Amino acid sequence: MKLIRKRTVEPTGKFTGLGEAVDRRTFLARSGIALGAATAATMLTPGRVKKVHAASSEARIGPVTIKKSVCTHCSVGCGVVAEVQNGVWTGQEPDFDSPLNLGSHCAKGASVREHGHGERRLKYPMKLVGGKWVRMSWDDAINEVGDGMLNIREESGPDSVYWMGSAKFNNEQAYLFRKFAAMWGTNNVDHQARICHSTTVAGVANTWGYGAMTNSYNDMHNSKAMLFIGSNPAEAHPVSLQHIFRAKENGSKMIVIDPRYTRTAAHADHFVRIRPGSDVAIMWGMLWHIFENGWEDKEYIRQRVYGLDEVREEVKKWTPEETERVTGAPEDVVRTAAQMMAENSPATFVWCMGGTQHTIGNNNTRAYCAFQLALGNIGKSGGGANIFRGHDNVQGATDFCVLSHSLPGYYGLSDGAWKHWSRVWDLEHEWVKGRFHPEQVEGDSGKPTHPMNYRGIPVSRWVDGVLEESIGQSDNIRCMVWAGHAVNSQTRGPEMKKAMSKLDMMVIIDPYPTHAAVMHDRTDGVYLLPACTQFETYGSVTASNRSLQWREKVVEPLFESLPDHTIFYKFARKFGFENELCRNIAVENDEPNIEDITREFNRGMWTIGYTGQSPERLKLHLANKHTFNTTTLKAEGGPCDGDYYGMPWPCWGNPEMNHPGTPVLYDTSKPVAEGGLCFRARFGVEHEGNNILAVDSWPKGSEIQGGHPEFTADLLKQLGWWGELTAEEQALADGKNWKTDLSGGIQRVAIKHGCAPFGNAKARAIVWTFPDRVPIHREPLYTPDRELAAKYPTYEDRKRFYRLPTRYMSIQKDDYSRDFPIIFTSGRLVEYEGGGEESRSNPWLAELQQEMFAEVNPKDANDVGLKDGDMIWIETPEGARIKVKTTITRRVAPGVVFTPFHFGGWYEGEDLVDKYPPGAEPYVRGEACNTAFTYGYDSVTQMQESKVTLCRIKLA
Amino acid sequence: MAKMKFLCDAERCIECNGCVTACKNENEVPWGVNRRRVITLGDGEVGEKSISVACMHCTDAPCSAVCPVDCFYTTDDGIVLHDKDLCIGCGYCFYACPFGAPQYPAEQAFGVRGKMDKCTFCAGGPVDDNSVAEFDKYGANRVSQGKLPLCAEMCSTKALLAGDGDMVADIYRERILKRGDRPQTWGWEKAYGSAV
């Protein structure tokens, strides 16, 4: 929408030519005083409010420089246009050229300029000494923290230092961070994806090859029906609604399945309310109608799906009566939803954390996939599994595997994977191995396992890595490093607090102090190191649709903050492996060169095609955003002609091959060279005597017309295509496959013949390597319904799982439902993001949501005797409690209490404002809901159960 | 001359508050003053609707009609602005306004009501365009730079439209036709009954 945009008077500044004193920056300083008065009146004690750090008074006078970046909140990837004068971020304009957001922003995106003020930022390195925050220099901080870590390494081994990374890193930082952890010698490295979409990645990748969003927000324009389950994009991904409404206004049906009547549901054609934790049941209940009426796509299933008959057997049990018994949704409502999806094709399917954060999260995601496969919706424009990711770069940080179970590119932790990356890093495999603790431990399977090949402790369980006695590593975790991570996004507050007091050392690397700085009772051994935001550095970022975008640096790092990659370089130097870390990367003033890092991962990320997106191509896309079609994302003419915006991965081969990126995964209607694909042959060629390669289906133009395994040097030789590799390619490719050939020749030749490098197979609706081969419903550990717990029991306890004992049945066997009769669930608010520290420190956002609250249905409120606005205690079975304000609303069903999860800075009724470093306390603080959330972890990924527990409420 | 109008399409407004923070960002509006806000009716119940509200820049503006010091004026673009040097902060315009647009910052000591502040359609006030004094008192002047109010330019779903009334009407009419339904404008049913 460009309405009547006349030419702007840029590039001169708004105050150009004005000689007189007051500039906008000074105005800021003054309004800071006004703001102080206003906030003091409403929420803060006088004297706490610090004046805005005013830049020089000349800041506003002078030419305007435009810098282009990408919003650092959710994964839509909205373009941000910043106006900078004299190094100060003075204005923010809509990015009308961006095909992803067309100029739009939600509350968060429209307020990112506040990052240039950073009033409540952590301003310099600090440590806690005798309960007081003491300023220190960067050199002292790196030395002191580094010495402490080296001491722990000496005494307990490298696994006792835990490196928590972040979805807020850009791709280059994420890659470097994972490499850094490897060189420290541990797999105890993880990030938010574990507690966000890990069950999606595991479930989806094990169904059809890759674990990412298959289509794009823009491609939803082509959908005829859209189903949202456990997803509330109106609050979590607001700009996506622009694309969703475009489809809806073209006649697409919109269905929302959720325990809450969300802001998204308010715009839906059809709303299905379910009991929290009954996702498999509702999917099988819908599929029951589809199979009953023969609405499935039989030809598609014959060609491209394996194992659906086993699903069909399971679905038979989910009669309308049983579905209603478990989900609470009546037959006609379920049938209507199923029919809408079946009759309006192509139909897309969106899910988010409402579906993933469960002990059976992997079953949920696989049930969603099976549903879409039955309807033949995958691999089609307008269809797909449009999994909306959370943070701005959680897709990228996942792809670079800031994860305890894999090296970048989902290569895993096998010796082969380590050898591949050692080659890319130009290091001896033995040297890398020598960085790890040398002794084998008893692995998850009970067999002796080298720590290098043993998946580390995940985010969700670091507390147990500190507290549990029998764990699969040489010693407990003794030092936690949180680099851009909010601890209030993890469950079990009281135990977390206990773990924090047991640690030797806590290191928080973040633009803000975070909840971790204040929730413990420590008086020493806590370090705060100020990282800058992504607006103070540059590099690439991957949106949910797999498109990479290049960010420019808007302003220099504020105060004494530093970019994450600089901080980790400093640590590498302290530890003595800076040369190995940056063997192919130039370093200037301790800052590793970003473009060199991009080029390094281009040389290694063959599995998922992060190989074609060179810095030069990414910058070309940045400069030519306006040439991309806003529905297809394809450049129409111009310098990027034929490319898809941001070269959504897989962007095969090396950059010179000029692959355009893949806008829709597994879409056989296009040649692979033009972004087409088929399902990946990831699970072998046969299973239990059945062929699992594709039948009568191939990407357009493929010379192999039918299923085939993944490409290797040997396969090329068999096919007689080996001679098409150049001599140099042959030298590098011999004995390798499409994932490990560093020349890219195998991929190039396969694609030249129209074939997908990863083979052509069926998707599988069953996963024989998972605890539940067919996705089945299992009741949550804390369930209100004992009868259903008996009928749909959880798993048996496991002795060792990601190095830790993991409990299931030993919790579910006890009945808590009498004392804790209400289901407790959580979700998002539009104004805040993640743990919320950053957004609660932004006054433009904080003003809009000033208090932590709980949504309570009028029935429950009346039963307990609550009035709207009363303060209540929410108490949960493991003994935790939180104090929050009541909002009485029918948004939640009777028997369900909902709270947002972005608050922090309170602990069990106490405001911890005095524990923050002065001037760095967020404007808004509140009880972290996860303090009260209880035990429970997914059976494949250790995703935490933070969508269902039990609680009771009482007046505070 | 263009006649500037806002229109919020309630079928598209999702209460994301993008317009609110865009306004705060562009005009550096202090905490406690909300030139624009999003109202949600029937919150959490079937039929829930949200709409973004600010000064509507009325043609025959009631605020202007009642102002005892006559501080309001209408620009050639149809934008209703006021002179803070004349304003006495009496609050009478707040009585008259059907939209609750006038705001009063509590910036002085003893909670004295300050000069009235409201949405300027990002068109500044009665001082030199784009001067420091203008920004200080009234906020940005985008209109003089050929731009539209940032709230509408940044709206996440293009629900909030701003610009020349005729063009806004054209865009909205096109949407209605596409939706194939009667207008979903706020208050339609109340005014004309659900059968019309």
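User: In this predicted model, how do you know how helix α7 of chain A and helix α11 of chain A pack?

Analyst: Two packed helices are described by the angle between their axes and the distance between those axes. For α7 (residues 279–292) and α11 (residues 331–343) of chain A, the angle is about 65° and the axes are 9 Å apart, and the crossing of this pair is right-handed.

User: What makes the contact of α7(A) with α11(A)?

Analyst: From α7(A) come Gly285(A), Met286(A), His289(A) and Ile290(A), while α11(A) brings Val334(A), Arg335(A), Ala337(A), Ala338(A), Gln339(A) and Ala342(A).

User: Why is helix α1 of chain B called mostly covered?

Analyst: A residue counts as buried if 20 or more other C-beta atoms lie within 10 Å of its own, and 10 of the 10 residues of α1(B), residues 18–27, are buried, so the helix is called mostly covered. Among the buried residues are Cys19(B), Val20(B) and Lys24(B).

User: What covers the buried residues of α1(B)?

Analyst: The cover includes β3 (88–94) and α29 (843–846) of chain A, together with β2 (37–41), β3 (49–53), α5 (150–153) and β6 (160–164) of chain B.

User: Which residues have the most contacts inside the largest nonpolar core?

Analyst: They are Leu227(A), Ile255(A) and Val481(A), in a core of 302 residues. Leaving aside neighbours within four places in sequence, Val481(A) is in contact with Val161(A), Tyr162(A), Trp163(A), Met164(A), Val507(A) and Ile509(A).

Terms used. Residues numbered from 1 in each chain as written. Chains lettered and ligands numbered in written order. Predicted model: local features only at pLDDT ≥ 70, side-chain atom pairs only at ≥ 80, totals over all residues. Axes fitted to C-alpha atoms, helices over the stretch in contact; angles between N-to-C directions. Helix = DSSP H or I, 4+ residues; strand = E, 2+ residues; numbered from the N terminus. Left-handed = near helix turned anticlockwise from the far one by under 90°. Contact = placed C-beta atoms within 7 Å. Core = buried A, V, L, I, M, F, W, Y, C linked by C-beta atoms within 7 Å. Buried ≥ 20, exposed ≤ 12 C-beta atoms within 10 Å, placed from the backbone.
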